[in-house]
2 protein chains.
Amino acid sequence: MNKEKNFQGYLHDKGLKSTRQRDDIASFFLQKDKHFSVEELYHEIKKIEPQIGYATVYRTLKLLVESGLATKCQFSEGFTRFEPVHEGKHHDHLVCLKCGKIIEFKNDKIEQLQIEVARELDFELTNHKCVLYGYCSRCKD
Amino acid sequence: MNKEKNFQGYLHDKGLKSTRQRDDIASFFLQKDKHFSVEELYHEIKKIEPQIGYATVYRTLKLLVESGLATKCQFSEGFTRFEPVHEGKHHDHLVCLKCGKIIEFKNDKIEQLQIEVARELDFELTNHKCVLYGYCSRCKD
DNA sequence: CACGTAATGAAAATGAATTTCAAAATCAAT
DNA sequence: ATTGATTTTGAAATTCATTTTCATTACGTG
Ligand SMILES: [Mn+2]
Ligand SMILES: [Mn+2]
Ligand SMILES: [Zn+2]
Ligand SMILES: [Zn+2]
């Protein structure tokens, strides 16, 4: 898998070591398409690597974010979620306030308008977060 | 001031009491145009009401949000900010990653496109947060 | 293999936010 | 104004996500 190669490359370039724990976390995380809480990921990794500690999961997620392979999601749940990046494609989210379902969307017009907003305000844009809250098709009514 | 009347009305309707502390916090907060951290607000209120406790500031902000007179802002700073609502006008934010400056913007096209995105995904929209991160005119370069 | 360095994990620490609880304040009914 | 039921307050304790500490273990270059 190419993402794992990228992670190995990132570690090497930074003079960091490849370890069984890091590799297990990265390869499990990167092959899923999911918005993980740290707790969820910790419990999944426990099955593969029973001695793993929370600190290592936190530390490895930080490295994945720094390497550009993961992004942080803050959905006002009181904790952070992390998701593997989707092949260089940025997207935003809808979050169901009842069941917690997370739906992804991509809208180039919105992205373009955000760039214009920033330019008009003489602001150099680096990234953004757009989260739509409400009720999914199964939870509404 | 009308907002303070609304707060008094909210308290009365919910069978809650009007207290010197609540009234001082609400009237100070509602007349400012600022994105307050709880700590900032606490220190400002201390000047007016030296015996105030953090818990009362937190509790009053919660009431202000519930009454629709304040909104929570989460700018990935590790804590929550609160701002008085602007006369029924929704807006979003740009946040400078260097100096922390918060710039407001309003873009009806983006808002409309968000509504369309939600409709296409059969999602009942209640609210949204859109935060653009980058560098303000003074901090870029 | 050996050594210097980095990583791990359990436990402690941190920090924002909430809860607890005894004392004080509010307010509707007298 | 006085009462008294109920709510609010503030200091301190608690909670919970996340970070840090530190002794031990693992990595990887030579
Ligand atoms: Mn996603
Ligand atoms: Mn604002
Ligand atoms: Zn739902
Ligand atoms: Zn700036």
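These legends walk you through close-up views of a predicted model. Local features need pLDDT of at least 70 and side-chain atom pairs pLDDT 80 or more, while totals for chains, interfaces and linings use all residues. Residues are numbered from 1 along each chain, chains are lettered from A and ligands numbered from 1 as written, and hydrogens and water are left out.

**View 1. The manganese ion (ligand 2) and its donors in chain B.** B:His35, B:His91 and B:His93 each coordinate through NE2, and B:Glu83 and B:Glu104 through OE atoms, at 2.1 to 2.8 Å. Donors here are N, O and S atoms within 2.8 Å of the metal (3.2 Å for Na, K and Ca). Along the sequence, the donor residues follow the spacing H-x47-E-x7-H-x1-H-x10-E.

**View 2. B:His91 and B:Glu104 at the metal site.** B:His91 sits in the loop between strands S3 (81–84) and S4 (92–96) of chain B, and B:Glu104 in strand S5 (residues 102–105), so the pair ties together parts 13 residues apart in sequence. Strands are DSSP runs of E with at least two residues, and helices are runs of H or I with at least four, numbered from the N terminus.

**View 3. Polar contacts with DNA strand C.** A polar side-chain atom of A:Thr19 lies 2.6 Å from a phosphate oxygen. Backbone N or O atoms also approach phosphate oxygens, at 3.2 Å for A:Gln51 and 3.3 Å for A:Gly53. Helices H2 (20–31) and H4 (54–66) of chain A and helix H4 (54–66) of chain B each give two or more residues to this surface.

Conventions:
Polar contact = N/O pair within 3.5 Å; in protein donor to acceptor, adjacent residues only side chain to side chain.
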